[in-house]
Amino acid sequence: MDADLDALEFAAIRRLLERLTATPYGADAARALTPAPDIAAAEALQRAVTAARRAIEQGAAALPRLPDIRAALRQASQERAALAGTALAHIAQLMRAGVSLRALWAQHPDLYPDEGALAGAPTLLARLDTAVTPSGRVNDTASPRLAELAQEINKGRTDVRALLGERLAALGVRDEAGDAIVTSGSRLLLAVDPRLADTIKGVRRGPAGHGRRYLVEPLEAVAANNRLEACAGRRDAEELAVRRQLTAEVAAALTALEALLGAMTWIDLAFAAGHLSIHMNAHAPRLVPEPLLRLAAVYHPAMLLAFADHRGPCPVPLSITLDDSYPMLLVTGPNTGGKTVVLKTVGLLVAMAHCGLHIPGEGEAVIGRFRRVIVDIGDRQSLLHQLSTFASHVEVLKRLLSEADGETLVLMDELGTGTDPEEGAALAMAVLDELAHRHVRGIITTHLSPLKGYAAAHSYLTNATMRFDDERLAPTYEFVVGESGSSHGLTIAERRGLAPALLQAARAHLARLEAARGAP
């Protein structure tokens, strides 16, 4: 489904999901989330979200925080590549998480549609667990040659340490703290007082301990250290060969690893959506192939979450139907009464449903297949492109009339405004007629009085309004179908403190205008 997601502020849903993900893969998927291309794909993720929510409510642990191995996998595919030990350990960490996921999948198979993708590469995991420590160090047992070299290095270090110990004893130094013999690279050196260093024949290697001590390699230890350093070099070469071999094994398992990554991405996103569903007390809408909409007592997600966080008032639930009986609704009512919120709520919930997400509401939600959602909300005046508000609306109408069909949902704010009211109303009537001819579903808001009567006279249009409390002089934000409403502009201006004398004059002018319209 194609949708004007920016106008619906869908990015806020993406940010909420991203914060709830546990892995870099799920976070990227949340940032890139868009409506699925078809109902079947949306239903697949919806089932995963439902399963994830059930698992969360049963106490299942979320995915652990995992490293990003995608760059390592790309490197592994290159000829003669040798991944670092940390990269190999991260790959093993990911595969171990996959083992836990398979156990969770066995209890909640709707989490992912392809069980085989969770299989991973068990032979590779066993090999990495044997060869590499969780911190990324290559084990001495990773190859027979490494084991031999490790023994040789250990013996060489013992020999050098014995030589250095003898020199300390000859100098009368007691190494009670155990820090007089230190390692520099693969060489063992003495760390002694600078004055004592001058008495030792050997190679000066520089200061240590912020200048309080000096590193000296006694002459009798140089040859042994050279042998130790050469052995360490052979070990480095052998370790490189081992890492290159392990990398080749990773490359051979790339298909399985990428499938596991895809499954983890999907499940992480599903768990994030499951948490969001719990936060919003949401549920899965029923997706149907027909282009229709039946929403009972639903809420705008941001308004509901703001209320839950004590950052806003309790939102008023919205119930709305778009089907063959009510193909298009013409919404009138007061300014600040919630008409635009209705458009954004409907558009956002439709987009979320087509993404496979749950939507917040108390009653049944049925959302049909719309191939596109076209949205025109807000003041589109553009100084950069020198377009007036009306000209911007016309650009939207041109796009609307070039794309809209029987599988299109249209959400338009203030149709016909920005120009002479009578010309605007006439243009709006023509647009509505064309949309009706194409069997488009839509919700259109307006302040133009002629459109109310036009809607009452045409079966494809149904009047609706946002209710206004005349006693409190305030909107109630209740959506009512079958009635038309007044803008209550003067009443709202009065409540906002406009001068009484000015309002009295305005009402007198309004009475004369209404009388003139009613004259033969």
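A residue counts as buried under 20% relative accessible area, as exposed over 50%, and as partly exposed in between, with a 1.4 Å probe and protein chains only. By that rule Y112 is buried, because its relative accessible area is 14%. W266 has a relative accessible area of 24%, so W266 is partly exposed. This is a predicted model, in which local features need pLDDT of at least 70, side-chain atom pairs count only at pLDDT 80 or more, and totals for chains, interfaces and linings use all residues. Residues are numbered from 1 along each chain as its sequence is written, and side-chain values use heavy atoms, with hydrogens and water left out.

Stay with those two residues. A pair of aromatic rings is described by the distance of the centres and the angle of the planes. Rings of Phe, Tyr and Trp (its six-membered ring) pair if their centres lie within 6.5 Å; planes under 30 degrees apart are stacked, over 60 edge-to-face, and the rest tilted. The structure holds one aromatic pair. Y112 and W266 form this edge-to-face pair, with 5.9 Å from centre to centre and 80 degrees between the planes. The pair links distant parts of the chain, 154 residues apart. Y112 sits in the loop between helix 5 (85-107) and helix 6 (122-131), while W266 belongs to helix 10. Helices (H or I, at least four residues) and strands (E, at least two) are DSSP runs, numbered from the N terminus.

Now turn to the sheets. Strands of a sheet pair through backbone hydrogen bonds, either parallel or antiparallel. Here two strands pair if DSSP finds at least two bridges between them. Four bridges join strand 2 (residues 181-184) to strand 3 (residues 187-192). I181 has L190 of strand 3 as its bridge partner. Two residues lie between the strands of this hairpin, where G185 takes a positive phi near 70 degrees. Strand 3 is also joined to strand 5 (residues 213-218), by three bridges. There, A191 has L215 as its bridge partner.

A second open sheet has four strands in the order 7-12-8-9, and its pairing is mixed. Strand 7 (286-288) and strand 9 (318-322) stand at the edges with a single partner strand each, so one side of each has no neighbour in the sheet. Strand 8 (residues 293-298) pairs with strand 9 in the antiparallel sense over four bridges. R294 stands opposite T321 in strand 9.

A cavity is a set of points, on a 1 Å grid over the protein atoms alone, where a 1.4 Å probe fits but cannot get out; lining residues have an atom within 4 Å of a point. Grid points are joined across faces, edges and corners, and a volume is the space filled by probe spheres set on the points. How many cavities of 30 Å³ or more does a search of the whole structure find? The search finds two.

The largest cavity has a volume of about 60 Å³. Its lining includes F390, H393, E414 and L427. Helix 13 (389-403) and helix 14 (421-437) each supply at least two of the lining residues. The second largest cavity has a volume of about 30 Å³. Among its lining residues are L17, A273, M280 and H358. Helix 10 (residues 254-280) gives the largest share of this lining, four residues.

Terms used. 1 Å grid on protein atoms, 1.4 Å probe; cavity = no way out; pocket = protein on both sides within 12 Å on 5 of 7 lines; lining within 4 Å.
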